[in-house]
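Colleague: I have a structure open here and would like to go through it slowly with you. Could you start wherever you like?

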Protein chains: 2
Amino acid sequence: MRMATKQKNPSKSAGYHHGDLKRELVTAGRRLLEKSGVEGLSLRGVAREAGVSQAAPYHHFEDKDALLAAIAAEGFAGLSSEMAKWSAGADTAGAHMGGLGAGYIVFAFENPELFRLMHGPRFAVADRYDDLLTVAADSFNMLRDGVAACRPGASEKEIEIACQAAWSLVHGASMLIVDRRIDAGTTVDDIVTFANQITKQLPVSG
Amino acid sequence: MRMATKQKNPSKSAGYHHGDLKRELVTAGRRLLEKSGVEGLSLRGVAREAGVSQAAPYHHFEDKDALLAAIAAEGFAGLSSEMAKWSAGADTAGAHMGGLGAGYIVFAFENPELFRLMHGPRFAVADRYDDLLTVAADSFNMLRDGVAACRPGASEKEIEIACQAAWSLVHGASMLIVDRRIDAGTTVDDIVTFANQITKQLPVSG
DNA sequence: GAACCAATCTTTACGGTGTTAAGATAAGTT
DNA sequence: AACTTATCTTAACACCGTAAAGATTGGTTC
């Protein structure tokens with residue numbers, strides 16, 4: 001019994017691919033995404049980048065949209081962890097809330113094309129891609145919980161409105177930064193101070 | 001001298017087109033845009049809709065992007081007039097501000113694909129298309145003036161931040177509604193009451 | 001009027017795209 | 001070893017953005 005012949009080592013075997021191409025397509029897609037933008041991203045290009053023929057992706061994703069949905073899902077996971085990172089260790093509910101917003105905006109700043117993909121028209125009606133829906137809902141629920149913690153005695157309706165307002169504020173700022181309509185600086189520190197100034201305008205995190 | 005042979009009547013002459021095709025391309029583009037979305041909009045499709053060959057648009061627009069820029073410019077004009085409409089007749093600066101925000105969101109609600117095009121990645125770096133830049137700046141300046149009127153004694157810096165926050169809030173709400181992530185109702189009245197609730201969260205229009 | 005010019009439109013063509021259908025190869029199972 | 005199944009390739013289709021070259025038109029000048 002030889003050692004290396006089982007599929008123990010999923011690296012590039014010469015002939016047919018047979019590693020986990022699915023994963024490699026997603027990472028290649030993310031790579032090309034930040035380089036060329038959503039519009040410049042082609043399925044054939046991803047296949048090329050992965051060193052595989054043009055039709056190969058169709059054995060792992062039903063569609064180009066399905067691959068983009070997988071990339072977007074990874075994006076939402078990254079968004080959530082970025083929010084968690086910046087809100088960790090906050091001593092007040094307001095500071096925690098501010099951290100969530102800062103993380104949201106920082107993520108958009110650092111992954112502009114990915115952020116655009118995540119909120120693009122493609123998934124506006126996302127009855128397919130349920131795992132995308134759940135992971136996106138996770139990100140949203142972090143915000144919701146943060147808002148609720150800031151207003152202990154508020155009614156359900158008040159919390160909903162405050163939550164929608166907070167989400168809109170943070171999402172709009174991210175979008176405007178990504179689209180270069182607001183200049184919030186060039187470093188992550190710049191972005192964070194900008195985020196703090198912005199979110200301070202809401203009574204929630206005051 | 002015959003009457004109808006001059007280009008007095010720019011309607012469809014049978015053979016070659018010779019009306020103002022440029023205008024017709026823009027309106028045909030807007031029509032297809034709301035039907036098929038930005039991604040589903042093809043230059044060939046626009047030419048087809050205008051009843052003209054596929055290469056004809058290139059005599060009026062340098063590019064597909066140039067046509068989209070013209071459509072987007074019309075969009076910003078519409079956005080400005082919608083904001084003007086909803087803020088007209090307000091008696092206080094705060095009410096005026098609220099009207100501007102409501103108009104912004106209502107426009108997005110009523111022209112989702114156009115709104116997406118206007119803020120798409122295509123014009124993020126818009127050193128070309130200067131008329132697009134100016135008409136977009138007009139919309140922004142309406143917001144800026146509204147914010148400044150709400151805070152007479154504020155410093156330049158304070159006004160800028162309040163302005164960015166207001167813009168972010170309103171823009172984010174529009175984007176989230178267009179992307180179906182926030183359900184703000186189905187009628188324009190629904191949208192307006194939603195907009196009022198949201199903007200009331202900002203100290204500017206309190 | 002005729003001759004010319006510039007603008008506008010068409011036909012044709014090229015390379016790129018998403019996607020499907022048919023065949024080749026590898027891995028796993030009996 | 002034979003068979004099955006998953007994976008990958010090649011080839012093809014219709015569509016797209018765009019450029020080049022030719023046709024048609026309206027306007028201008030004699």
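**A helix residue to begin with**

Modeller: A:Glu82 lies in helix α3 of chain A, which covers residues 64-87, where helices (H or I, at least four residues) and strands (E, at least two) are DSSP runs numbered from the N terminus. Please keep in mind that this is a predicted model, in which local features need pLDDT of at least 70 and side-chain atom pairs count only at pLDDT 80 or more, while totals for chains, interfaces and linings use all residues. Residues are numbered from 1 along each chain as its sequence is written, chains are lettered from A and ligands numbered from 1 in the order in which they are written, and side-chain values use heavy atoms, with hydrogens and water left out.

Colleague: Okay, and is A:Glu82 buried or exposed?

Modeller: A:Glu82 counts as buried because its relative accessible area is 13%, and the cut-offs are under 20% for buried, over 50% for exposed and in between for partly exposed (1.4 Å probe, protein chains only).

Colleague: Which residues does A:Glu82 touch, not counting those up to four places away in sequence?

Modeller: A:Glu82 touches A:Gly103, A:Val106, A:Phe107 and A:Glu110, where contact means heavy atoms within 4.5 Å.

Colleague: Let's switch to chain B. Where does B:Asp65 lie?

Modeller: B:Asp65 lies in helix α3 of chain B, residues 64-87, and B:Asp65 is classed as partly exposed because its relative accessible area is 21%. Leaving aside neighbours within four places in sequence, B:Asp65 is in contact with B:Arg122, B:Phe123, B:Arg128 and B:Tyr129. The C-alpha atoms of B:Asp65 and B:Phe123 are separated by 8.8 Å, although these residues are 58 apart along the chain.

Colleague: What does B:Arg122 meet in a salt bridge?

Modeller: The side chain of B:Arg122 meets that of A:Glu39 in a salt bridge, at 3.1 Å from N to O, the rule being a side-chain nitrogen of Lys or Arg within 4 Å of a carboxyl oxygen of Asp or Glu. Across the interface of chain A and chain B the rule finds two salt bridges.

Colleague: And how many residues of each chain are in contact there?

Modeller: In that interface, 34 residues of chain A are in contact with 34 residues of chain B. The area buried between the two chains is about 3200 Å², of which carbon and sulfur atoms give 61%; buried area here is the accessible area (1.4 Å probe) that two parts lose on being put together, summed over both.

Colleague: Now the domains. What does the assignment give for chain A?

Modeller: For chain A, the assignment gives domain 1 (10-61) and domain 2 (72-199), and such bounds come from an automatic or database domain assignment. The C-alpha centres of these two domains of chain A lie 29 Å apart.

Colleague: How many salt bridges does the rule find across that domain interface?

Modeller: The rule finds two salt bridges across the interface of domain 1 and domain 2 of chain A. As for individual pairs, the side chains of A:Arg23 and A:Glu74 meet in a salt bridge, at 2.3 Å from N to O.
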